[in-house]
Amino acid sequence: MPFFITSSPHVRVKRNTANIMMWVALCLLPGIAVQTYFFGYGVLIQVVFAIMLAWLFEASVMLVRKRPILRSLQDNSALVTGMLIAVAIPPLSPWWLLAIGLFFAIVIGKHLYGGLGQNLFNPAMVAYVVLLISFPVQMTSWVTPESITHVHMHFADCLKLFFTGFNADGLSLQQVRAGIDGVTMATPLDTFKTSIKAGHLSSEIMQQPVFAGLAGVGWQWVNIAFLLGGLLLVRLRIVQWQIPIAMLASLLIVSTLCSLIAPGTTASPIMHLLSGATMLGAFFIATDPVTASTTTKGRIIYGAFIGLVIFLIRSWGGFPDGVAFAVLLANMAVPLIDYYTKPRTYGHVR
């Protein structure tokens, strides 16, 4: 047998982009399943529709650029982008909201910079921020969790609402979201912050039905499901542990300190960790290999910065969640972080 001598680095597991992205998509499935269980079939409809739209936009751009269409679709990057946007926006949002978001993600956020591997910002978060700023009402109105609502919708109703804005009984999406009490549902984080600004005590706020459990009905289980999927990605070494651990540790530390210094003025640490898009952001968004820091120390700084900004926006910002803004701000800082944290060349002498 011939003896081959090769230089390092020696890669033990051969993975290409398509394989990595497929694993990311598979690890998203537990979170999507739990989110569908608590918030209805609208989640599942959005995921399927978003994937189809993502493939359509990807193929269209590659056709215009005169690049191989099938090869681009097979790398599964458009698949993951569609899934991330679908689970990030409220269930049963109008179909055109997804279309606008995916256009900005695929065409503007990705291919305008040269395609996969060339984008400066996370495409899914670019789309989310554009939608949040442009359509704040649609992007902050969530359906009531299935376990506490009196209006239960079948798949056909959800499908009709998604595409037409009305269900079989003629109720509009806004009426369905409001339910019988006439109040449009918001996320627990948004509800807590709004109530604090209105002068309510934290003990009074936590008595509301939406706050049952650790971090809001359904939300803690959705985050735990994304956590389990994220841990599998770390176990498979598809993502590095430094970014999610640094982000979660930073968010936990600052929220705990604020709770000790000024109790009752901000959400509890457990709510910060298990509500909103915390686990989705920590393992599936902040870890994007193209836009995240590439050095070991840099990943820790990058993750900690995201956690800090998320807490600041959630507590005193004008938006219900800060994951998207925090990730985009961190993306801007990546060149600076990498420059000052790059490892010394072996044998370097000061």
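**A walk through the helices**

Start by selecting Phe39, Trp142 and Trp219: ring pairs link these three into a cluster. Rings of Phe, Tyr and Trp (its six-membered ring) pair if their centres lie within 6.5 Å; planes under 30 degrees apart are stacked, over 60 edge-to-face, and the rest tilted.

Before going further, a word on what you're looking at. This is a predicted model, where local features need pLDDT of at least 70 and side-chain atom pairs count only at pLDDT 80 or more, while totals for chains, interfaces and linings use all residues. Residues are numbered from 1 along each chain as its sequence is written, and side-chain values use heavy atoms, with hydrogens and water left out.

Now zoom out and colour by secondary structure. You'll get 17 helices and zero strands (DSSP runs numbered from the N terminus: H or I of at least four residues for helices, E of at least two for strands). Of the 350 residues, 52% are buried; buried means under 20% relative accessible area, exposed over 50%, and partly exposed in between (1.4 Å probe, protein chains only).

Next, pick Gln35 in helix 1 (residues 17–39). Gln35 counts as buried because its relative accessible area is 4%. Show what surrounds it: leaving aside neighbours within four places in sequence, Gln35 is in contact with Gly40, Val43, Val87, Trp142, Val222 and Phe226. Contact here means heavy atoms within 4.5 Å. Trp142 is also one of the cluster residues from your first stop.

Back to rings: the structure holds 16 aromatic pairs. One to select is Phe311 with Trp316, an edge-to-face pair at 5.6 Å centre to centre and 90 degrees between the planes.

Last stop, the surface. Select Tyr41, Leu44, Val48, Met52, Trp95, Trp96, Phe155, Leu159 and Phe163, which make a nonpolar patch of about 830 Å². Patch residues have over 30% relative accessible area and no salt bridge, and nonpolar side chains (Val, Leu, Ile, Met, Phe, Trp, Tyr) are joined within 5 Å, like charges within 9 Å. A salt bridge is a side-chain nitrogen of Lys or Arg within 4 Å of a carboxyl oxygen of Asp or Glu. Helix 2 (41–64), helix 5 (95–108) and helix 8 (155–164) each supply at least two of the patch residues, and helix 2 gives the most, with four. Click on Trp96 in helix 5: it counts as partly exposed because its relative accessibility is 31%.

Conventions: Areas by Shrake-Rupley, 256 points an atom, 1.4 Å probe, with all protein chains shown as cover.
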